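I opened my notebook to get to know a new structure. Here it is, for anyone who would like to read along.

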Amino acid sequence: MEDVSREYYLAHAGLKSTAELQPIYARHAEALGPDALAMAVEDFAAGGDGDARRSARLILEWQVETHAARLVAPSEEREIAWESTAMVRLSDGSMVPYQRAGIEIANSTDRGERLALDAARASLVERELAPMRRDRLQQEKSFVESLHVAGDYIATFEAVSGVDLKALAAECSAFLKDTEAMWSDWLPPAVKRSLGVPVRELTRADALALFRAREFDRYFPADEMEPAVRRQVREMGIDPDAAGRVRFDVGERDGKRARAFCAPVRVPEEVYLVLRPHGGQTDWSTLLHELGHALHFAYTRADYPFEYRWVGDNSVTESYAMLFDHLMQTPGWLVRYSGLSRQDAGAYLRTAALEELHYLRRYCAKLLYEVELYGDRVSWDALPDLYVETLSSATTFRYQRADAFIDVDPRFYAARYLRAWQLGAVLADALVERFDQDWYRNPNAGPWIVGELFAEGQRELASELSQRVAGRGLGFDAVRRALERLVG
Ligand SMILES: [Zn+2]
């Protein structure tokens with residue numbers, strides 16, 4: 001895991017031109033061979049209780065994920081190669097690289113141009129990328145089911161992850177219903193102000209343009225980003241460098257990714273936070289998100305076994321990342337650390353609330369759709385229509401059939417995000433209760449976060465963690481209340 005993680009870090013930070021993973025897998029063939037997988041399946045099936053049971057589940061989850069990932073690696077490489085060379089051809093003969101299409105659509109202020117580009121992109125995807133992706137999803141599904149850990153793909157995911165997908169899907173349906181009125185109140189004025197398109201004609205391309213943050217970017221300058229965030233973390237009593245275990249890689253370099261990312265190379269001893277500060281709302285929010293991950297890994301107990309430090313329920317690490325990135329929705333934090341004044345904050349927070357509710361509704365719909373995709377009730381040929389129907393009705397924006405197999409998070413990662421939203425909101429409430437509204441600058445809050453949360457790695461499920469620190473299970477209640485406070 002260290003070798004793989006280091007390889008990704010070097011490649012994405014521009015320190016190596018490509019990630020060479022095959023030699024690493026070859027070197028560690030025994031850890032990831034068929035015998036290791038069979039042993040993990042056997043250990044898990046043997047039952048047991050307490051920590052032994054927990055470890056067996058975590059090891060099996062890791063083995064299944066890694067084997068599945070290696071199995072589909074050739075297909076994935078083909079798709080990546082396609083994505084980096086494919087060109088979208090418009091009717092006037094002009095061409096746009098496939099990878100630029102999303103950005104061009106979001107940036108386009110001419111609606112006709114935006115829709116034409118999205119139509120051309122969708123038809124290219126439908127012809128070439130969608131069939132490859134559909135094959136990959138099917139390949140992975142049959143591999144996982146062939147292990148006979150549980151009845152089918154969904155039951156296997158639930159057994160090895162400890163996540164109750166069906167219960168979560170029911171919560172998502174309820175959340176969509178409960179926030180329907182809020183959504184239909186909030187969306188039209190924003191659309192009228194920024195796009196001037198009738199609500200019933202909105203498409204996914206319009207959503208990209210609507211949520212392209214620009215208006216408030218000047219309050220989030222590039223050169224103040226890292227110092228401001230470091231100051232805040234120190235004020236709450238956490239060393240942002242974790243005594244040298246978090247390494248900030250901020251230099252300009254060819255081949256370095258534009259978006260900040262965190263690479264835990266050795267947990268907790270060596271964690272990279274890689275960024276290329278360009279400023280703006282999204283950049284600040286991404287840095288906070290990745291810093292939440294980095295601090296989590298760097299403050300994980302060094303004496304914990306591999307499976308508590310490296311694997312487990314990613315809803316937990318995502319919730320810490322969200323706890324940090326949601327500081328961008330906290331009025332006191334914005335006034336203290338960004339360039340926003342209290343007067344400007346109101347308008348900014350209303351925009352943030354709309355965006356937050358949009359992402360929540362989109363992710364709820366994605367999960368509902370993905371549960372059908374991996375279930376066996378709907379045929380694969382009928383999925384594109386179901387995708388359009390599910391996503392469009394949740395978000396108001398009309399989706400394209402072409403994206404039904406592209407817009408899918410592997411192995412239900414959407415469920416991890418949704419639970420992270422839930423846990424993040426519970427944790428924020430718990431912090432306010434213990435350390436007051438401005439917990440983010442309370443010198444007692446940091447040590448509590450480190451001791452009660454970060455140190456545990458991902459030993460617990462998000463739901464167990466919520467019970468331990470807040471005395472209640474996960475749900476969308478806290479999420480909804482936080483949303484209402486934003487516009488309050
Ligand atoms: Zn994350």
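These are my entries, going from the whole chain to single residues.

**Entry 1: the whole chain**

I noted before anything else that this is a predicted model. I then looked up the secondary structure and found 22 helices and five strands in the protein chain. For the extent, I read that the C-alpha trace spans about 60 × 55 × 45 Å along its principal axes.

Next came the contacts between residues at least 6 apart in sequence. Of these, 74% join residues at least 24 apart.

**Entry 2: helices α9 and α17**

I turned to a pair of helices, α9 (residues 165–178) and α17 (residues 342–374). How far apart are their axes, and at what angle do they pack? The axes lie 9 Å apart and the angle is about 135°. An angle over 145 degrees would count as roughly antiparallel, and α9 and α17 are therefore oblique to each other. I wrote down the hand of their crossing as left-handed.

Then I listed who meets whom. From α9 come L165, L168, A169, C172, S173, F175 and L176. From α17 come L357, L360, R361, C364, A365, L367 and L368. Sorted by class, this contact of α9 with α17 has twelve nonpolar residues, one polar and one charged.

**Entry 3: helices α15 and α19**

On the α15 side, the contact is made by N314, S315, V316, E318, S319, Y320, M322 and L323. On the α19 side, the residues include Y413, R416, W421, G424 and L431. By class, the contact of α15 with α19 divides into 13 nonpolar, four polar and three charged residues.

The place of A470 is in helix α21 (residues 462–470). Is A470 buried, exposed or partly exposed? Its relative accessible area is 28%, so A470 is partly exposed. Between A470 and L431 I counted 39 residues of sequence separation, and their C-alpha atoms are 9.7 Å apart in space.

**Entry 4: backbone details in loops**

- I found a cis peptide bond from V267 to P268, with omega near 5°. P268 sits in the loop between β4 (261–266) and β5 (270–274).
- H148 has a positive phi, near 55°, and is not a glycine. I placed H148 in the loop between α7 (111–146) and α8 (153–161). Its relative accessibility is 67%, and therefore H148 counts as exposed.
- R411 is not a glycine either, and has a positive phi of about 45°.

Technical notes: Residues numbered from 1 in each chain as written. Predicted model: local features only at pLDDT ≥ 70, side-chain atom pairs only at ≥ 80, totals over all residues. Heavy atoms only, no water. Axes fitted to C-alpha atoms, helices over the stretch in contact; angles between N-to-C directions. Helix = DSSP H or I, 4+ residues; strand = E, 2+ residues; numbered from the N terminus. Parallel < 35°, antiparallel > 145°, perpendicular 65-115°, else oblique. Left-handed = near helix turned anticlockwise from the far one by under 90°. Contact = heavy atoms within 4.5 Å. Nonpolar A, V, L, I, M, F, W, Y, C, P; charged D, E, K, R; others polar. Buried < 20%, exposed > 50% of the residue type's maximum accessible area, 1.4 Å probe, protein only.
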